[in-house]
Amino acid sequence: MANINDILVQASELRAGIDRLLRSSTYRQYDDLSGLEINRQDSEQLFLLDELRGIMEKLDNVEEAIRYLELPVDEISHLHKNDSDRYETAQGQVFCCGHAIEALITDDRHDVPYWTRTRVEHDGAGYYLVGHRDTSLNGLVIRTRKNKISIY
């Protein structure tokens, strides 16, 4: 039976291939496939272009998610409210509306606390975690990664 670390290694190997495909398809350069040579009068090539564009969008998301998992954890800290009414870590990283965050959550999903990726938002009254509105940010254990990339 495979273990989760073996699967992560395989995903990392796959990520490199996905990255090569995205670069060679011109998706990385143009955020679509507009750099490809196609006959725009050929209905089959137009079909392939549309289908491949959708595939490349999904592969781009997969590649970014795997790349994120490969980043080392930089800080594990408790959040506290600062003088600006925003939440920050012991090292001074500030989280406010729209910021991606990894939080150690306790809820009914698992029997033990678990890490989840979400983001911080503000509803006019205060900050909250998307998908975990009842979780207090004050004192919440979070972690950050080096060279963080967007996850949402």
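Q: How far is the sulfur of C96 from the closest cysteine sulfur, the one in C97?
A: This is a predicted model, in which local features need pLDDT of at least 70 and side-chain atom pairs count only at pLDDT 80 or more, while totals for chains, interfaces and linings use all residues. Residues are numbered from 1 along each chain as its sequence is written, and side-chain values use heavy atoms, with hydrogens and water left out. A disulfide is a pair of cysteine sulfur atoms within 2.5 Å, and a search of the whole structure finds zero of them. The sulfurs of C96 and C97 are too far apart for a bond, because the gap is 7.0 Å.

Q: Is C96 buried or exposed?
A: Buried means under 20% relative accessible area, exposed over 50%, and partly exposed in between (1.4 Å probe, protein chains only). The relative accessibility of C96 is 12%, so C96 counts as buried.

Q: Which element gives the largest share of the lining of the largest pocket?
A: On a 1 Å grid over the protein atoms alone, a pocket is an open set of points where a 1.4 Å probe fits, with protein on both sides within 12 Å along at least five of seven lines, and lining residues have an atom within 4 Å of a point. Residues lining the largest pocket include Y68, W115 and R143. Two or more lining residues come from each of α1 (4-24), α3 (43-70), β6 and β8 (141-145). The largest share, four residues, comes from α1.

Q: Where does D31, with its positive phi, lie?
A: Most residues other than glycine have a negative phi. Phi of D31 is near 60°, a positive value in a residue other than glycine. D31 is exposed, with a relative accessible area of 60%. Its place is in the loop between α2 (27-30) and α3.
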